[in-house]
Amino acid sequence: MTRCLPVAALLALGACGTSDVPPAEAPSAGWWGRLATQPEAFQDLVEPRRDGWVSMHRHDHRSAFAALSQAPEGHPDRIGAVRAAFAEAALHDDLARLVREANRLRSEAWAARGGTPEGAGAVLAAWGERCDTLPPGAPAALEERLTLHARVRAGDRDAVEALRATAKEPVLREQADGFVRDHVDPCVDASLARAWTAEGLGTLGQPEARLSDLITALQGEPFAASLFAPWPDPDALEACEADRPLDGASFAALYAPPAAVVEGLGSPGVEEVREAARQLLVWSDAAREQAARVATPDGAQLLDGLAPLQSYRQGVLVGAARQALLKDRPRQALALLDAARDVSDRDVGPANSPSLFVLLAEARVRTGRTREALDALEPLTARVPTVHSAKELVGDLAVLQSMDRIGDSKEN
Amino acid sequence: MSLLRVPLATALLLGAVGAQANPLRYAEDRAPAIVHPLYTTLMSEARLNELVFEGLFADDMELRAKPLLAESFELTPDRMSMTVTVRKGATWHDGKPVTAADVVFTIQAMKDPSNASTEVGRVAWIASAEAVDTRTVKLTFNGEEYAPEDKLYFKILPAHAFQGSSVQRTGSFRTQPIGSGPWKLGSFNDDNSITMLRPEGGTAQLEEVVMREVSDKNYQAKLLVYESLEALVRVLPRDLATLQNDRKIELYPYQTNSWWYFGFNHGNEGLKDARVREALTLMIDVPALLAPIGTGDILSGPYVKSSPFYNHDVAPSPHDPDRAATLLAEAGYTFNGKLWLGPDGKELKLRLTTASNLETAQDVLINVQSQLRSRGVSVETEFLGDAEWKARIWRDKDFDVVLSQWSFDRNEDIYDQFHSSGPRNFVGYANDKVDELLDTARGTADPQEKKALMRQVHQLVHDDHPMVFLWTLDSYSALSTKVKKVVVHPFYFFTWAEDWSM
């Protein structure tokens, strides 16, 4: 059974849908239940393009899109490709928000210490505020870069690859007094979020789609629409704000926690969300046990190998953390993300999504833990090369914020 | 008596018998040898200081400076001096008021070379301190300061506790400290634990905090699982999955920018030669040392990989015994088929030293001993207690190679370790260019210049091989879910423990 919560509760939660599926009553109500009881349905779904679904499970949405978008029109894998494209858009949207915040705070902190050096640095900082038109006085190299960005935003795949390939390189390099000053491009992720939105809309076949259009499409292919997702099934998404334009940000707002934790996740306090995260853990333990009890032998193997409840739980917490950040509750987000992280695996992969690390970095920057934000970004280096801009800007900010401190160091 | 030698059941019983009204019991690998902010060299000491003492300022929850023992301050327009007003009503644990004279005393005691404070670097920027009245201190700086409150975190000591005695590391204050923090020192106990009690009228939520030394990491995790502890400061990576799966335990990131190293004593004649140091570095198979103790990043220099100062163009030193042999031959060493012999004909022999109560360090030391012996280097190992460590390593520089770990706050300021005048540079490393870069980095207000300078330092230090840079481990602390309102400070851990409750 699914239902839509009252508007007030949804506003408090900030999520766009919910489900009150008590595991004791309906263990197979979610996609994990289908893994347990109908493993053959899973095989049927993933077999044609196994690599794509393996990548989806690993939170490698670029690879997932590359594989699943090869499916013919009308095939369930196309829904997987749509999800992958919007998940990638959401990741870059999260990164773009972090870069924008770091850029803003860096400019403020630097101004407090006498101001940023004039020249390309100031131009890039100003550009990074909105990532639209270049401010006057931009060097010619930046004009070329802006052209590349325009192509990326229009969905030009060659341009997307070109921008991604140069993400670790400085966009400009200047000889300063005694050292070389490297400037990073502050708009890479903002443009890539737009590009992946265009990919998603194109794959959906609806260039002007709203969120409701996506939900409708998802409901047409329930298993492909929900496998590894932070909702039990697409019916749980018949919720609010359906008229929002479909993009990475609106897609990222789609998650559906069980009713048992809705109130806690939506409350304003830190201790309350921490307790809700614990309740969600208890709920997912119970749901896993329920699923295991009704699982076929093959289904039991899938439950063990794919850890679906952990994946669902993390997706819900990450979604709730994102909403907390958008509602200016970064300490809440920090508590949710600390609870979401699987510390047994230090890298991006099945156990930990890249969005978790990006949001963790944002939450840390916004709670003054700027140096620790760099710890959160480090695991992204191999998978998401565009994180380079975020690392350098957050790094500058961390250095600025500790400029007046006397460092402390101890043994052990 | 160490818990290392106490069977688990007994330890659990001790935990139960020793329990008072809901104490928060936390475990350290090494109990602080002393409780004295002027001579703090260990993280366990720094954490305990956080419970017992206060600075003029401390981090608020957003890690900005907030007045603590200070009530207010005023910076002069030329930024060359400031006045700080001590908080009205602030008292020491013995009931006496905290005064401006205490602040002046602390600064002078830290600066006085005869006191040999390990914290001297934290007040070097202050030219003078004088008490204007009982609650007002005037600080004069050596140069312009933009946010001097950011530097006034060091702990303040009660001047009256030292009347008639000099400030010494071995003085009675180390075991009978008087602070002004949320808890006062209650007792040093027979089992190496330390009990801290909330002073009368104190505002901390927890009445009692107990530090327990548990050097066996396996016991630490078990004691937490069996509810004989409420907190583990550092969880061994191999225990992370177990503790994460325990629904009564919550993990908190506690990274502290820590890295492990083997440090070469540059006062040792043979180790002065960079080729010998590099050769020894290349003989060591670092990944094989890391594997038994957990997951982490192998490093090429004096920063963790996420640091803005880490130079990613510098690769970690490889395991290359052939190149090591070539370097030793170039340095005048000969291999007799079994052992390397120095230019003087004597065998290449090293003492490897580490702390006696660090289980993981002992494992690493034994493994590296085996690796070096297999390459023809004669190796002895020794394990020192804390007091002996401070005397032998820090004061007397009586060692060949040490295995230890540095932890840094968010500044990641390696000046003390690698500047030739650094108070923590007990390996005796000196490179004029590194000194120059570190000095320049301290003076710049440009973050990109500072990053560029420190990345150069990384390269130079890597090339000089003053240490074998090993790894940083994934580091978490673990607390019982009984403990509420937990927020862990990224370096000092207990900064906000006053708000914790059970």
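**Salt bridges and packing in the predicted model of chains A and B**

B:R122 forms a salt bridge with A:D408, the closest N and O atoms being 3.2 Å apart; a salt bridge is a side-chain nitrogen of Lys or Arg within 4 Å of a carboxyl oxygen of Asp or Glu. The pair crosses between chains, from the loop between α3 (100-111) and β6 (126-131) of chain B, which holds B:R122, to the loop between α21 (387-401) and β3 (409-411) of chain A, which holds A:D408. B:R122 is buried, with a relative accessible area of 11%, and A:D408 counts as buried at 3%. Buried means under 20% relative accessible area, exposed over 50%, and partly exposed in between (1.4 Å probe, protein chains only). Helices (H or I, at least four residues) and strands (E, at least two) are DSSP runs, numbered from the N terminus.

The model is predicted: local features need pLDDT of at least 70, side-chain atom pairs count only at pLDDT 80 or more, and totals for chains, interfaces and linings use all residues. Residues are numbered from 1 along each chain as its sequence is written, chains are lettered from A and ligands numbered from 1 in the order in which they are written, and side-chain values use heavy atoms, with hydrogens and water left out.

A salt bridge also joins B:D474 and A:R346 (2.7 Å, N to O). B:D474 lies in the loop between β21 (471-473) and β22 (476-480) of chain B and A:R346 in the loop between α18 (330-340) and α19 (354-366) of chain A, so the two chains are joined by this pair. B:D474 is buried, at 13% relative accessible area, whereas A:R346 is partly exposed, at 22%. In a further salt bridge, A:R278 meets B:E250 at 2.6 Å, N to O. The count between chain B and chain A is 13 salt bridges.

In total, 80 residues of chain B are in contact (heavy atoms within 4.5 Å) with 48 residues of chain A. By class, the side of chain B that touches chain A has 35 nonpolar, 19 polar and 26 charged residues; Ala, Val, Leu, Ile, Met, Phe, Trp, Tyr, Cys and Pro count as nonpolar, Asp, Glu, Lys and Arg as charged, and the others, Gly among them, as polar.

Within chain A, A:D185 forms a salt bridge with A:R145, with the closest N and O atoms 2.6 Å apart. A:D185 lies in the loop between β2 (180-183) and α10 (188-204) and A:R145 in helix α8 (residues 140-153) of chain A, so the pair ties together parts that are 40 residues apart in sequence. Both A:D185 and A:R145 are buried.
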